Amino acid sequence: MKCTECGFEAPVQNFRYLYNARIDASISLRQCPQCQARLAVDELAGEATQKVGDGEAPWGKSAGIEGLAEDNAS
Amino acid sequence: MAAEAAKDLSIQELEKEGQWWWIAEKKRSRRLDYLRKAVWKKGALGGNYAPGIKVDLEMPTLFTNMYNWWKYDPPMLRRAKALAHVLDNIGIFITDQAQLVGYFGSMPNTIAWRLDGASIVNEELYNEPGIMPEPEEESLKKVAELNSYWSGNTAVDKLARVLDPEDAVKFLSGAIGWGAPTSAYGYSGKDYEYIFAGRRGFLDIIEEIDANIEGAEDRTMGMPGPDILPLYERLQNWDAMKLILEAAIRYAGRYARLARTIAENFETDPKRKEELIRLAESCETVPAHAPQTFQQSLQYDHFIQIICRLEAHEGAWPARPDYYHWPMYDKDVNIEKNITGEEAMDLVGEFMIRAYEVGGFGPRWAREGLQGITGTWVWTLGGVNQDGSDACNDLTLAFLKAARLVRVSNPTFGFRWHPKVSDKIMREVFECIRHGLGYPSIRNDPLLIQNSMHWHGHPLEEARTWVHQACMSPCPTTKHGVQPMRMASATANCAKMVEYALHNGYDHVVQMQMGPRTGDARKYTDFEQLFSAWVQQMEWIMNTLVRTVNLGRFKDPEFYGRPFLSATYERAVESGLDAVSPVGERGNCWVTFFTWVENADSLAAVKKLVFDEKKYTMTQLMDALEANWEGCEKMRLDFVNGAPKWGNDDDYVDDLMIRCLREVARHSREMKCPCGNSWPALPENVSGNIHYASIVGALPNGRRLGDALYDGGISPGPGLDKNGPSAVLKSCGKIDHVGDGRAFLLNQRLSPTQMAGEKGYQLWKAYMRTWADLGLDHVQFNMVSDETLRAAQKDPEKYQEVIVRVAGYSAHFVDISRKTQDNIIQRTIQGI
């Protein structure tokens with residue numbers, strides 16, 4: 001995987017796993033061992049997609065009426 | 001929005017923008033505005049203290065000096081003398097504009113250090129750069145001296161020597177629970193019925209103690225026999241109680257003198273002079289005598305809370321202010337018209353600010369679990385009187401209005417809803433939620449009264465007095481119901497139940513055999529084998545924690561002792577026993593269940609994908625878990641999205657949740673507290689879901705080591721409740737909220753856009769009707785948009801006053817860690 005910030009390349013496991021705020025998404029936060037940038041990583045593709053700064057939301061909006069679900073209960 | 005720009009907007013424009021904190025600033029009185037801004041924030045920012053916050057070394061030094069001096073005294077008397085020395089000598093201050101006084105540090109920017117509780121907490125002081133008073137080198141030397149004295153002599157050190165060594169090691173590993181089994185860090189209920197309903201000042205109690213001493217001395221001078229032997233110790237305890245009550249009266253007297261000194265020598269504003277004289281009169285009246293005015297009533301309560309906090313690091317603040325201060329409010333505002341509603345509002349607002357000010361030093365694990373605050377000050381409002389009639393009143397309204405003006409994150413409110421609550425009150429409750437405070441939480445009063453009777457046998461009239469003992473658990477305020485010590489140590493990290501069931505009791509994070517060896521999960525051939533292992537691990541975790549807490553409670557009068565608390569408890573004053581003694585208490589224990597819902601979701605995923613559909617083998621699953629799902633993302637997503645999740649009204653997983661809870665409830669009835677009563681479970685999280693993120697390993701619900709756990713109680717995982725709010729309520733409604741546990745926390749997030757205006761209120765009210773009809777005991781709401789929260793992450797300086805509901809408490813959004821912030825943002829916003 002290649003760091004989008006500094007270009008450092010290594011297997012994805014070498015980028016420290018921080019967390020995934022949405023368990024049902026395949027996006028995680030990992031940290032570049034070289035430049036320490038927090039990266040959004042597509043875990044299925046094994047690719048860093050962006051550096052995550054303050055206020056940025058790699059997971060997109062919350063689920064629910066501002067994102068996904070309506071009231072579908074029977 | 002910049003402060004300058006916001007100040008130019010009208011209240012209507014700010015309402016439209018949802019900028020409630022600017023509205024508060026425009027609406028509150030000048031006094032409240034000053035007091036709110038003058039207070040120091042003591043809650044840790046993520047895990048660190050704010051700049052300028054210093055640990056107070058005056059109280060620990062005074063206490064230790066006198067404790068050492070009286071080394072041959074029995075425990076309660078020795079502590080009473082040491083605490084009296086603190087009350088007589090600690091630095092005191094009066095904040096400008098204040099009408100209420102009392103703090104447990106010697107300066108407004110200090111946090112108190114409870115140094116006789118646990119050496120492992122004391123050692124943590126060295127790990128906190130910046131909190132030592134200047135000159136730092138001198139302070140560190142003083143800390144080292146104090147630590148050297150207390151090392152091996154704290155309550156937990158003493159307890160650790162009598163605990164089973166295996167229990168002690170496993171408990172202290174931090175993997176299965178948290179807290180310290182001593183009243184040094186307990187949550188003590190207050191015997192409000194004795195003090196406030198009984199209209200007693202401390203001089204009245206001293207009179208009762210004197211009579212008891214006289215009666216006991218008559219017997220110890222009389223006919224010899226075994227019945228008089230316990231009296232010798234009780235006589236010393238009564239001496240201790242009397243001594244500390246007298247010291248408390250002197251402590252208030254010091255504030256009175258300070259107020260008069262300022263008024264007579266320094267204050268030039270005649271109005272403020274008058275206020276200072278009134279403050280002095282207040283401190284000359286209470287706590288010596290029962291309060292005569294609303295101001296004195298609040299002051300009396302605050303003195304009791306502060307002195308209790310000088311005696312022990314109290315992690316909660318059980319109180320019911322609209323009920324116990326109502327008689328004086330009614331007298332002053334409505335009947336005699338001594339003060340106006342606005343003047344009363346200033347007192348109510350300040351009463352909240354004085355509580356917000358309180359902060360003690362806590363170790364990092366405690367601060368991470370309670371990010372942004374220093375304890376769970378959940379005050380109880382509403383509810384019923386002892387005869388079952390509606391207890392809501394004008395003071396209930398005043399507290400709800402004051403909360404929106406002062407916007408503190410601590411205290412918060414839990415509102416006891418019942419069918420007779422008026423629309424007027426419900427609108428005020430809703431306004432607090434709409435203003436983004438995250439409180440009040442709503443509690444189902446009739447159901448929780450029934451629950452108190454079911455689990456602990458509290459009589460109906462006593463059960464109706466209940467207050468929140470901590471975040472969630474009801475506890476009566478009566479002679480036999482009030483609870484002196486509920487340490488945070490009967491707190492289970494429940495995700496370990498399923499983790500240990502899968503790993504043969506071995507903990508791969510702390511690398512230790514923790515639970516029983518229940519079998520190699522790779523060899524399981526059907527789901528029942530896994531479930532049986534789960535039951536054994538659940539019982540082991542609960543047993544280990546409860547054994548530790550029971551012993552801590554039983555030995556506490558010997559290892560710690562609460563002279564002041566005892567002096568305010570009717571049963572302790574009557575018996576001469578320490579308030580912490582189980583004698584005379586009915587029992588009101590519970591095991592807090594952190595990280596609970598992961599069990600049902602994980603078990604359901606294994607059942608469906610491994611045993612029902614046979615899509616994966618147990619070996620494949622265990623390999624993936626041991627690799628922390630690394631390299632198994634497709635499979636991980638299958639375990640998340642291909643298996644039913646709690647909160648969607650899906651019987652497959654909901655039935656498993658109920659099955660787990662029934663096993664827990666069975667075991668809760670088997671375990672007994674020192675009073676002989678049961679230990680029901682209470683699922684909730686504070687921010688333990690973040691603290692345990694790096695302690696709980698990968699789970700079959702798709703979670704990896706490092707990910708936050710679900711936000712707690714019976715709340716579904718963030719983003720996993722895909723069928724809307726009714727489905728969430730229906731899942732939660734399948735739980736028997738009386739027989740399955742003590743209480744069940746439910747977080748819900750609503751859209752500020754949808755909840756706007758009268759339509760929003762009516763929608764919410766309809767939602768609450770469904771909630772009540774389905775028999776849920778708790779719900780609390782976040783009503784702040786993604787947009788605002790992301791903006792606050794980006795520019796925290798501009799959003800200092802945005803408040804969110806974390807779990808059983810609220811916090812300023814900018815004070816919690818990024819991981820917690822993201823966890824809150826990803827909670828589903830329900831459209832109702």
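This briefing covers a predicted model with chains A and B. The model scores ipTM 0.88 and pTM 0.95. Local features here need pLDDT of at least 70, side-chain atom pairs count only at pLDDT 80 or more, and totals for chains, interfaces and linings use all residues. Residues are numbered from 1 along each chain as its sequence is written, while chains are lettered from A and ligands numbered from 1 in the order in which they are written.

**Confidence**

- Chain B averages a pLDDT of 94. pLDDT is the predictor's confidence in each residue, from 0 to 100.
- In chain B, 99% of the residues score at least 70.
- Where pLDDT is low, the predicted coordinates should not be read in detail.

**Chain A**

- Chain A has four strands and zero helices. Helices (H or I, at least four residues) and strands (E, at least two) are DSSP runs, numbered from the N terminus.
- Read from the N terminus, the elements of chain A run β-β-β-β.
- Chain A has 74 residues, and 35% of them count as buried. Buried means that 20 or more other C-beta atoms lie within 10 Å of the residue's own; exposed means 12 or fewer, and partly exposed is in between, with C-beta atoms placed from the backbone.
- Take the contacts in chain A between residues at least 6 apart in sequence: 37% join residues at least 24 apart. Two residues are in contact if their C-beta atoms, placed from the backbone, lie within 7 Å.

**Where chain A meets chain B**

- Chain A gives 28 residues to the contact, and chain B gives 42 residues.
- The side of chain A that touches chain B divides into 13 nonpolar, seven polar and eight charged residues. Ala, Val, Leu, Ile, Met, Phe, Trp, Tyr, Cys and Pro count as nonpolar, Asp, Glu, Lys and Arg as charged, and the others, Gly among them, as polar.

**A three-stranded sheet in chain B**

- Three strands of chain B form an open sheet in the order β8-β11-β12, and the pairing is parallel. Two strands pair if DSSP finds at least two bridges between them.
- The edge strands are β8 (491-493) and β12 (681-683) of chain B, and each pairs on one side only.
- From one strand to the next, the twist averages 30°. Axes are lines fitted to C-alpha atoms, for helices over the stretch in contact, and angles run from 0 to 180 degrees between N-to-C directions.
- β8(B) pairs with β11 (residues 591-594) of chain B in the parallel sense, over three bridges.
- Opposite Thr491(B) stands Thr592(B) in β11(B).

**β3 and its neighbours in chain B**

- Strand β3 (residues 378-382) of chain B is largely enclosed by the rest of the structure, because five of its five residues are buried.
- β3(B) pairs with strand β4 (residues 412-417) of chain B in the parallel sense, over five bridges.
- Gly382(B) has Arg416(B) in β4(B) as its bridge partner.
- Together with helix α20 (residues 394-406) of chain B, β3(B) and β4(B) make a right-handed β-α-β unit. A crossover is right-handed if, with the strands pointing away from the viewer, the path from the first strand over the helix to the second runs clockwise.

- Glu368(B) is found in helix α19 (residues 364-369) of chain B. Glu368(B) counts as buried because it has 23 C-beta neighbours inside 10 Å.
- Glu368(B) and Asn689(B) are 321 residues apart along the chain, yet their C-alpha atoms are separated by 9.7 Å.
- Thr293(B) is found in the loop between α14 (270-285) and α15 (294-311) of chain B. Thr293(B) has 21 C-beta neighbours inside 10 Å, so it counts as buried.
- Not counting residues up to four places away in sequence, Thr293(B) touches Met328(B), Asp332(B) and Asn338(B).
- Thr293(B) and Pro327(B) are 9.2 Å apart, C-alpha to C-alpha, and 34 residues apart in sequence.

**Backbone points to check in chain B**

- The peptide bond from Glu134(B) to Pro135(B) is cis, with omega near -5°. Pro135(B) is in the loop between α7 (119-123) and α8 (136-150) of chain B.
- Tyr439(B) and Pro440(B) are joined by a cis peptide bond, with omega about 5°.
- Arg199(B) is not a glycine, although it has a positive phi of about 55°. Arg199(B) counts as exposed because it has 12 C-beta neighbours inside 10 Å.
- Lys614(B) has a positive phi near 50°. With 8 C-beta neighbours inside 10 Å, Lys614(B) counts as exposed.
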